[in-house]
Amino acid sequence: MRRHVDHELARARIAYAAKDASTDVASVINRVVRVAERTPEGQKVVWQKNTPQTLMASIHGDDLAEVLGNLTENAARHARKQVSISARAENGVVVVTVADDGPGIAEEHQADAMVRGRSLDTRKNGTGLGLAIVADILEAWHGSLTLDNGAPGLIATVRLRAA
C-alpha cells in the first residue's frame with residue numbers, strides 16, 4: 001500500500017516538475033547504494049559502482065532515486081554474491097545499468113515483470129508494483145527501462161536524456 005501511495009505521489013510530482021530538471025547521477029547512485037547496503041539482502045552482496053562524477057541526467061533526483069532504489073532492491077534480493085551499477089553517457093543519453101549475478105528472468109517472462117500487480121517472485125510477498133513504478137517514472141521523463149539476461153544474472157538498463 002505504501003508503494004502505491006508513493007507511486008501516486010511520484011506521478012503527481014512528475015506532472016508538475018520542471019522539464020529542465022537536472023540530476024547528478026553519481027550522487028544519486030551513491031545515496032541509493034548506501035541505503036541498499038544496510039538492508040538484510042544488501043549486506044549479503046558485494047556492491048560495485050562505476051559512475052563518472054560529471055554525469056547529469058534530465059530527471060528529478062527523487063525520481064531517479066525511486067527508480068534506482070527499486071532496481072537495486074530487486075538486484076540485491078536475487079543476487080548470489082554481487083550487484084554492480086554503472087553509468088555512462090552515450091550520444092546525448094545517460095545509460096545506467098544495474099546488474100546482479102542471480103538467476104535472471106526467462107525471456108518469455110521479462111515483459112510480465114513490468115506489468116503492474118504481477119510479481120514473478122513467488123518466494124516473497126512482493127506486490128508486483130516495483131518495476132511498473134520504475135517504467136511509469138521513466139516514461140514520464142521520456143526515458144526507458146529494458147531487462148536482459150547476462151551471464152549470469154539480470155541486467156536492468158535505464159536510459160534518460162542527458163542534461
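Biologist: Which residues is Val32 in contact with, leaving aside its neighbours within four places in sequence?

Modeller: Val32 is in contact with Ala65, Leu68, Gly69 and Thr72, once those neighbours within four places are set aside. Contact means heavy atoms within 4.5 Å. This is a predicted model, in which local features need pLDDT of at least 70 and side-chain atom pairs count only at pLDDT 80 or more, while totals for chains, interfaces and linings use all residues. Residues are numbered from 1 along each chain as its sequence is written, and side-chain values use heavy atoms, with hydrogens and water left out.

Biologist: What is the mean pLDDT of the chain?

Modeller: pLDDT is the predictor's confidence in each residue, from 0 to 100. The chain has a mean of 84, and 74% of its residues reach 70 or more. Helix 1 (residues 2-16) has the lowest mean among the elements, at 61. Strand 5 has the highest, at 98. Helices (H or I, at least four residues) and strands (E, at least two) are DSSP runs, numbered from the N terminus.

Biologist: Back to Val32. Is Val32 buried or exposed?

Modeller: Buried means under 20% relative accessible area, exposed over 50%, and partly exposed in between (1.4 Å probe, protein chains only). Val32 has 9% relative accessibility, so Val32 counts as buried. Its place is in helix 2 (residues 25-37).

Biologist: Thr72 was one of the contacts of Val32. What else does Thr72 touch?

Modeller: Not counting residues up to four places away in sequence, Thr72 touches Val32, Ala36, Trp47, Ile85 and Val98. Thr72 sits in helix 3. Its relative accessible area is 2%, so Thr72 is buried. A polar atom of its side chain lies 3.2 Å from the backbone oxygen of Gly69.

Biologist: Which residues touch the most other members of the largest nonpolar core?

Modeller: A nonpolar core is a set of buried Ala, Val, Leu, Ile, Met, Phe, Trp, Tyr and Cys residues joined through side-chain atoms within 4.5 Å. The largest one has 39 residues, and Val25, Leu68, Leu71, Val96 and Leu145 touch the most other members. Several elements give two or more residues to this core, including helix 2, helix 3 (61-78), strand 5 (93-100) and helix 5. Helix 3 gives the most, with seven. Leu71 is in contact with Val98, Leu131, Val134, Leu145, Ala156 and Val158, leaving aside its neighbours within four places in sequence.

Biologist: How many residues of helix 5 are buried?

Modeller: Eight of the eleven residues in helix 5 (residues 130-140) are buried. Among them are Leu131, Val134 and Asp136. His142 follows this helix, with a positive phi near 60 degrees.

Biologist: How many salt bridges does the structure hold?

Modeller: A salt bridge is a side-chain nitrogen of Lys or Arg within 4 Å of a carboxyl oxygen of Asp or Glu. The structure holds two. In one, the side chains of Arg77 and Glu73 meet at 3.2 Å, N to O. In the other, Arg88 meets Glu90 at 3.1 Å, N to O.

Biologist: Why are Arg77 and Glu73 separated by about one helical turn?

Modeller: An α-helix has 3.6 residues a turn, so residues three or four places apart point the same way. Arg77 and Glu73 are four residues apart in helix 3, so about one helical turn separates them. Arg77, at 21% relative accessibility, counts as partly exposed. Glu73, at 37%, also counts as partly exposed.

Terms used
Polar contact = N/O pair within 3.5 Å; in protein donor to acceptor, adjacent residues only side chain to side chain.
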